[in-house]
Amino acid sequence: MCGIVGYVGRRDCLTILVEGLKRLEYRGYDSAGVAIQMNGSIDITKSAGKIRVLEERLSNGAGPPGTTGIAHTRWATHGEPNDVNAHPHTDCSGRLALAHNGIIENHSALKNALKAEGHTFTTETDTEVLAHLIEKHLKRGLKLEQAVGAALRAVEGTYGIAVVSADEPGVLVGARRGSPLVVGVADGEYFLASDVAPIVEHTRQVVYLDDGEMAVLTPEGFHTATIEHQRVDKAVQEVDWDLGQIEKGGFEHFMLKEIHEQPDSVRNSMRGRLNPAEGLGRLGGLNMTPEEMHEIRRIIILACGTSWHAGLIGEYMLEEHARIPVEVEYASEFRYRNPIVDQGTVVLVISQSGETADTLAAMREAQRKGARALGIVNVVGSTIARESDGGVYIHAGPEIGVASTKAFTSQVTVLSLFTLALGRQRQMSVETGVELARGLDAIPAKIESILERSAVVERIAQEYGRHNNFIYLGRGYNFPVALEGALKLKEISYIHAEGYPAAEMKHGPIALIDENMPVVFVCTRDAAYDKVMSNMMEVKARKGRIIAIASDHDEVVQGLADHVIYVPETVACLQPILSVIPLQLLAYHIAVQRGCDVDQPRNLAKSVTVE
């Protein structure tokens, strides 16, 4: 959720920290703050609001000089977002500063014990407990590294932390459990951050911390250890993307840029994995032999949010083409109901960030029950990527907009490749495999053709931007698209929107339909087309306003819908990759028209690392 960045080196660190926060703002933007070692003390500046508010406050005060510091941008959990609850937090002495991402589950018990020992608390946060707990151990004469480890051994919950002390100049300590941290390695300077976004401007050499590990950074070097202080040797890895990929590149918003990147992101998801001539898909990272693949008897897909919608499409295509029973589970529910995981079950774990707390916990539960877990993630070096038994990177590139777009289409692309690989091992004919593979190969060009028609979507958005309710309907492969379209509108425009199977409209939602209700039908030509046309007539009879996503050259739909947005045709199971593009654009343009903050919608954050 929250974003942490730290620096130790020889440069004035304030600019580095603030710029780093800007690159992490998609992780949370309720409040922000910096803490910098200077002249034998810790100088802390923080404020409620977005990072620009903190920046204004720093510029008014000129900003503290210093070469070691930490910074934080917050997504509030415990305590409302205000100046006092903003991170970094400090101890009673004010000589220690700490930034934290996660939730300390036993903070109440720890707080009561610390109060009994004379500690005074000033915030509503669970994080402040950590600062005082470290202070307690520092008073025993421990060094900062040892005090942090001793404090964390008493903690229940999740954390990614960065800590500095006025009494140990040039020392920065970080630790993680359940919340990601990465160390950036450069010449005479070192970085600590929640992900690589604030680091890549300075170095591509990084070290990913695992749960229960800590890192100690000084200008002379760094070392890693467990919180029990057992040294751990970590490999330095190289980040394979550059700064340009996390800049807007001339677009007004990251979301619009990422929508337009989808021809390339889908191509990248397929690169080296598709053989259209023979109708074959290859996914080398699964770490499974052909015999093990053939032994799969059941698949459980675990995901949250947009990734869950991608998983639902995966269920449909895997059952149709690979003839394997598939269940799609909300990761947040899976581990709390004692699920049945039997022999021959493979779990697909889908997460853009690879750090989603619910999804990671569900994966660990499935593994504990004996399942093989395969990750479908975007972020290289993420926890799910490291802890899964195999998997696939979707290679969508950095996704900064909080509302996921290109990750969704890349996830569906990878699920299509997985379907092709499994299907050809089973009952899928060469002809069907070739059709699916060629369909995949043609998808990027078809996405480009949809993006060229975006002016049509913008005009529709101008007409409907002031409505406060929408219904999205679809059948078959288009039902998950309806869910995803409704979610996008909710996320960034704050309009109440619901997605339903079109046939379910008659079982309740039809009561909502009148002349003020926009109804979006995803009605491309497929096996359920005639049925969807009947559902559209039912809406029209009740004076609902109809927006249709239809196949090119479909003239029938023009007689029923108030507005039609056309998309190219493709193989039925691939149609969602195309049908969702206009819905992403519709949500975007409506949000812009309503004056909403598209890239940083209220109450949301990009990576959900707390339960």
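Reader: What is the bridge partner of Leu-374 in β21?

Author: Gly-390 in β21 is the bridge partner of Leu-374. Strands here are DSSP runs of E, at least two residues, and helices are runs of H or I, at least four residues, numbered from the N terminus. This is a predicted model, where local features need pLDDT of at least 70 and side-chain atom pairs count only at pLDDT 80 or more, while totals for chains, interfaces and linings use all residues. Residues are numbered from 1 along each chain as its sequence is written, and side-chain values use heavy atoms, with hydrogens and water left out.

Reader: How many bridges do β20 and β21 pair over?

Author: Four, in the parallel sense, with β21 covering residues 390-393. Two strands pair if DSSP finds at least two bridges between them.

Reader: And which way do β19 and β20 pair?

Author: Strand β19 (residues 345-351) pairs with β20 in the parallel sense, over six bridges. Ser-351 stands opposite Val-377 in β20.

Reader: Is β20 mostly covered or exposed?

Author: Mostly covered: five of the six residues in β20 (residues 372-377) are buried. Buried means under 20% relative accessible area, exposed over 50%, partly exposed in between, with a 1.4 Å probe and protein chains only.

Reader: Changing topic. Where is Leu-583 found?

Author: In helix α18, residues 575-593. Leu-583 counts as buried because its relative accessibility is 1%.

Reader: What does Leu-583 touch?

Author: Not counting residues up to four places away in sequence, Leu-583 touches Tyr-472, Val-481, Gly-485, Val-520, Val-522 and Ile-549. Contact means heavy atoms within 4.5 Å.
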